[in-house]
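Please read this note with the structure open beside you, and check each point against it as you go.

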There are 4 protein chains.
Amino acid sequence: MVTIKDSVHDHIDVKGVAEALLETPPVQRLRRIRQLGTVQLVYPAANHTRFEHSLGVLHLADRALEHLSVAGPQAERVRAAALLHDIGHSPYSHNTEAVVQRHTGRAHDDVGPLITEGAVARVLTAHDLDPDSVAGLVRGEGELGQLVSGELDVDRMDYLVRDAHHTGVPYGTIDQARLVRELALVDGELALDEGNVQTAESLLLARALMNPTVYNHHAARVGKAMLRRGAERLLETGVAPERLRRMDDWDFHVALREADSTAAIAHRLDRRDLFKRAVWAELADVPEDVLGADYHELRNIEGEIADHAGVDPDAVILDVPGEPRMTESTTKVVVNGEARRLDRQSALVDALRTAQREQWRMGVYCPEEHTGTVGPAAETVLGLELDALVTDVRRRLHTRLDDF
Amino acid sequence: MVTIKDSVHDHIDVKGVAEALLETPPVQRLRRIRQLGTVQLVYPAANHTRFEHSLGVLHLADRALEHLSVAGPQAERVRAAALLHDIGHSPYSHNTEAVVQRHTGRAHDDVGPLITEGAVARVLTAHDLDPDSVAGLVRGEGELGQLVSGELDVDRMDYLVRDAHHTGVPYGTIDQARLVRELALVDGELALDEGNVQTAESLLLARALMNPTVYNHHAARVGKAMLRRGAERLLETGVAPERLRRMDDWDFHVALREADSTAAIAHRLDRRDLFKRAVWAELADVPEDVLGADYHELRNIEGEIADHAGVDPDAVILDVPGEPRMTESTTKVVVNGEARRLDRQSALVDALRTAQREQWRMGVYCPEEHTGTVGPAAETVLGLELDALVTDVRRRLHTRLDDF
Amino acid sequence: MVTIKDSVHDHIDVKGVAEALLETPPVQRLRRIRQLGTVQLVYPAANHTRFEHSLGVLHLADRALEHLSVAGPQAERVRAAALLHDIGHSPYSHNTEAVVQRHTGRAHDDVGPLITEGAVARVLTAHDLDPDSVAGLVRGEGELGQLVSGELDVDRMDYLVRDAHHTGVPYGTIDQARLVRELALVDGELALDEGNVQTAESLLLARALMNPTVYNHHAARVGKAMLRRGAERLLETGVAPERLRRMDDWDFHVALREADSTAAIAHRLDRRDLFKRAVWAELADVPEDVLGADYHELRNIEGEIADHAGVDPDAVILDVPGEPRMTESTTKVVVNGEARRLDRQSALVDALRTAQREQWRMGVYCPEEHTGTVGPAAETVLGLELDALVTDVRRRLHTRLDDF
Amino acid sequence: MVTIKDSVHDHIDVKGVAEALLETPPVQRLRRIRQLGTVQLVYPAANHTRFEHSLGVLHLADRALEHLSVAGPQAERVRAAALLHDIGHSPYSHNTEAVVQRHTGRAHDDVGPLITEGAVARVLTAHDLDPDSVAGLVRGEGELGQLVSGELDVDRMDYLVRDAHHTGVPYGTIDQARLVRELALVDGELALDEGNVQTAESLLLARALMNPTVYNHHAARVGKAMLRRGAERLLETGVAPERLRRMDDWDFHVALREADSTAAIAHRLDRRDLFKRAVWAELADVPEDVLGADYHELRNIEGEIADHAGVDPDAVILDVPGEPRMTESTTKVVVNGEARRLDRQSALVDALRTAQREQWRMGVYCPEEHTGTVGPAAETVLGLELDALVTDVRRRLHTRLDDF
């Protein structure tokens, strides 16, 4: 057994299959994948990695299994899945995930070959665990898969607290120990035990507070959009998508610096000389066809905006997030003996869903010197009917604490 | 200047009028008034006092005044009010407040004579401050009075964090420093500056999480109801209401032990041998006339229940809380240049209001051995139409973590 | 099993004999005994009690037993002793211990009858545990008694961290989890396992930092001396020593207020109107006969000083602490396979012992207005040869942060 | 003014020249220089960077200047120096410093051209500050230079706390706020004010606890030795020393991966497949000529050891640290009105110096499979007279918590 000191959980014990997996390259690589990608541009202390997070997930899984009285090979399988759940992340975590998925067809939790082949598979097999079933747990399959990936997974319980700890924001604070103690399996569903509607709500609220403050902070989003652009350009230079996927943050960033078509983006990121928001529009103001546009249509719109504004096509980025989701809303809680969905029990869910839709923003970003031309051009091309004053006020709102 | 080490704010500087007030008996008495009264019966570490809280409020007021660019005598007045804002508390803080108010006509923030006479008045006058105006600030009067008592007061900002710190609960965590920095005075109203709707919501959410977990925990409520009963009995023995009001926790508790009519209550509290819930009813199940009953009517109902159950009248306590309020809902936030009420801007306010009403409970408490007879008797007398099963399930729900 | 939320250890599980003991009056009484007595006069947030500390000790004992692979009745006995280890404390913890011991012959860990008779004995017997052997563990007897009371006891591990947490001082921080994991029983001795000389030193250093800053802060010492005087006077009024011993802080303090001979002391403590230091002398400056004087001789010296200064005898308190001890210096650490005493392995022990002797101070305290006469009188009567300037400088040194 | 959220100091205000400097490339580069280099191999959460540390130093400098009543251009100069003090660091901070210094003649605080030329110089000049004088402050010159670099510098105050926070170790905890408040300038010397001998000692103790646990942890040292070797090899491939100096961690690490002569080292570091200790010798056991050997002599010894053991020269690393220093020992503290050196006032200094010498270790590292041959070979070549048993025991000691 090794014991690792963690800034969130203090001492984490790693033993059995987890100890052996710790030394495999796909797990060690996570030391070089930042948990929050470009959020570090806003919160300078947010440099924590997927490696320490994965250890935290292992730790909470271990606690949960103990409370659920799951032991033996079944528990070993879950511990393996907990430690491995993030090995499919591309560099800068979620920041490049969409690009990678479009080109490789693989999301970050589609870890198949990474688990079923190579060093990881060898370790699992040596511990009499079936690699395919571990990969299934990572995808959230089966009763215990929900513990690794689901509304009540220990992944969420770790990252909310860890991300709050490292950004310095007081908002992700949930009662981890209580959550883990109150887990129950009811008719094959992972649920919080009787008397925990408020415990479930607290998870939802932590999320609702972290989203606008940290995860969707506009400067982090601009950085992410620039990285995404960089990843696309890099693939155009001939880098294989699967190779990009297996880079770590360092490889990827240095590759951006070295390719002609991405050097300018890397240079900007290195100096935190970010694009600025030319447009920042609410959900209600964005036409349906823009919301429904696919990747290539969006790139065409970018081109049109640049053309209309008379700037280089590279100077415009259009950032249209997907529909807001709220996974936590379907959390199960036992009420009067039966497992019910939280959104059936709590008036908060709808309110938070509304809040989330209100916080949704589409952005058009460009170099600071072009906002005056790109803004109006984008409004025209996109068919936004924004009161000019409002646009201006919205921009002004964010120039204080938030704008670093 | 003295510098005091605090477990929440680290170093607190106390100077000027605040330093002189620190030594007055009404302020020193706060060292012996626990901040959370009977919450300590649930969270053993919640032994913090109104004294340290008052220093914390002084500290935040000081910070806020700096950001609002208020200085000179006006600032000194606010600092004085911040340090003095809780000197009107009766023993066990809010736990005996209703009793004291019924008999003396004074709520805890009705601090008139405590400020305008005696040692405090002498200190204020010596610092050229008008005691009446300081008393006004404590009542929340005037522009800067809102900083001491209002939706955005520094009182709230201190206690949410302090109460979370001392209970060990991760829920009261707000970004104090940001809240204080973002305060603005707009047309005579204290508001959060542009871009802070979510900051205001975070205050509301912290409150929503603390209410059921800490402030209204059922065991704390039972303890409080027992203390209230004790206070009433003590007044019947001839203790003057004004004397009761000026006792500290220690005086009061020892007095309960020593009077014949209250010794049994004190004995129970000393051993944490609390009454148990015979009924725990939701707002919708409680008839209007019970909700609207005054103090004497409620006492009569208690008598009827005891009679019906065939137990001693002292064995039944009826606990009907007032309508849930949500002061924070009227917080002002600047949006597009004007100060608006938060409940006009945020869908969360209504949801939290609903949640609060759903969490409201009326309780009938009695010694454990009588719950079987008092429960049905109370349902009959109160005209509750509870499905027996439901009553039973509800009781059962709370027998785990919560019930310590 | 009950689970209790703690501000230091988060969730503490209490089960078996500990759960049953929790409800006994001697354990519940600890809710009303402050851990640090008069330290609260210096650090206003230091209001934590022996109750929460005892729960913390139980928690760490539980962890240690698990790492030492001790289970069954032997473990239950240790858990019982851990929870009960402080029930012998008189009011204000160590502040009145000397007085009580002089009159009753019992130190705080001499818990015999409290454990072997009454409710506690009944619970232990019902759980098939021998009360005498539990009382023995509390006194530190036997192999596992060292875990409850010894150089490496979990008592120390809890209070260093808890006292730091509640005072806000950053100095008592030790790696509790590591200490507990590294315990080993070697030839019947509790020791830290191989490779932990520095871990043992860290315990010593935490203690060395807490002593002058918290435990021996001069203002806390003045308060303690006043309380001790009050306790002596109270006994003279006819209060039985055994009754005094079983009071809680509240009884005791209210009793001080009510007796004629102690009302003045209580009044001063209530207002934090403490005696001041008229003399504050180093160990080297104090004559041997003063250091070796017994209780009655010291009282006679006080009388002489008062006489010499022309003040009331009640106005002078002489405070001569015992020789500095350093229990932690004999901590055992395994080095090359054998358990060695820390002071044989670490150059720090001697240095800290020297530092401790240098920090030792004898004090003569009196009301502020008499320091000018009592100081010189004390120097004459005690035969101190202090350079007047030095005395003055020493006094002046402590008028800043420390003097609150 | 921008306000940045920090995980240690909460909100940090950056304004004036510091705000303008923030955007310069040399400061932004610090985002990609880890504070603790290879310590991350032992404490996975230690991913914090020189950037956030530099902001922390700026913050503490600001506080200190306020307490010292230094304002105007003099204060701006110090703030600039505080933010810039680490821009001279080579990749992996101290891990490559010796190599870089040998080849460029520049230590990390020799920041001359980085400050006197380019973007930084332009900003300073635009704020009417002389770049040369700012560079002087970074080197610790002049009265206020001691605040940036000296025994009582704010650099130390920030990193002790920050490194503890991010490793999760409870040992670096000092009372920052008190240290900063108690600073005084006495006859041109920066000192802690009267009454702070223990405050100064606490700084020393924090350091003494962090050294063995974090800064000199053996696995971090092995990683550092491997990086140093990598840097030397990279320079041999023709990379210019000045270019190496200005790389960030990412450039450097990717360069190691790409050069033939360093790919193996990078591969090992990427997988945390570290060399192991073949010898780990105490100061007393190491011959004088080895302690005094220069760089080339040490490399020759490495070759001899490899030759003797019959392994490839690349398989042996000899790691001989310099003599232990203890900068904090000369901290000045005001005692009886004069600034004295701490080592004249405190018995602890000598004890800690002794402890530090006892903790000193020379290491010989090699791949795990060669320890059996390299160990004895090294003992012969180096002339170590170690009892074989002791060597073995020493190795075994560290296989538990520490060895991750």
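Predicted model: local features only at pLDDT ≥ 70, side-chain atom pairs only at ≥ 80, totals over all residues.

1. Along the principal axes, the C-alpha atoms of chain A fill a box of roughly 65 × 50 × 35 Å.

2. Two further values describe the interior of chain A. Of its 404 residues, 56% are buried, and among its contacts with a separation of 6 or more, 70% are accounted for by residues 24 or more positions apart.

3. Chain A also meets chain D, where 33 residues of chain D are in contact with 33 residues of chain A. On the side of chain D that touches chain A, the elements giving two or more residues are β1 (2-6), α2 (25-29), α3 (50-67), α10 (154-167) and α15 (249-258) of chain D, and the largest share, five residues, comes from β1(D). When the residues of this side of chain D are sorted by class, they divide into 13 nonpolar, 11 polar and nine charged.

4. How do the axes of α18 and α21 of chain C cross? The axes of helix α18 (residues 295-309) and helix α21 (residues 371-382) of chain C come within 8 Å and cross at roughly 130 degrees, which means that α18(C) is oblique to α21(C). The crossing of these two helices, α18(C) and α21(C), is right-handed.

5. From α18(C) the contact is made by I301(C), E304(C), I305(C), H308(C) and A309(C), and from α21(C) by T373(C), V374(C), A377(C), A378(C), T380(C), V381(C) and L382(C). By class, this contact of α18(C) with α21(C) has eight nonpolar, three polar and one charged residues.

6. S69(A), in the loop between α3 (50-67) and α4 (72-84) of chain A, has a phi near 55 degrees, a positive value in a residue other than glycine. S93(D), in the loop between α4 (72-84) and α5 (97-104) of chain D, likewise has a positive phi, of about 50 degrees, although it is not a glycine.

7. Is each of these serines buried or exposed? S69(A) counts as exposed because it has 8 C-beta neighbours inside 10 Å, whereas S93(D) counts as buried because it has 23 C-beta neighbours inside 10 Å.

8. Finally, R271(D) lies in the loop between α16 (263-270) and β5 (276-282) of chain D, and it is partly exposed, with 16 other C-beta atoms within 10 Å. Which residues does R271(D) touch, not counting residues up to four places away in sequence? The residues that R271(D) touches are P25(A) and Q28(A). Within its own chain, R271(D) and D187(D) are 84 residues apart along the chain, and their C-alpha atoms are separated by 54 Å.

Notes
Residues numbered from 1 in each chain as written. Chains lettered and ligands numbered in written order. Axes fitted to C-alpha atoms, helices over the stretch in contact; angles between N-to-C directions. Helix = DSSP H or I, 4+ residues; strand = E, 2+ residues; numbered from the N terminus. Parallel < 35°, antiparallel > 145°, perpendicular 65-115°, else oblique. Left-handed = near helix turned anticlockwise from the far one by under 90°. Contact = placed C-beta atoms within 7 Å. Nonpolar A, V, L, I, M, F, W, Y, C, P; charged D, E, K, R; others polar. Buried ≥ 20, exposed ≤ 12 C-beta atoms within 10 Å, placed from the backbone.
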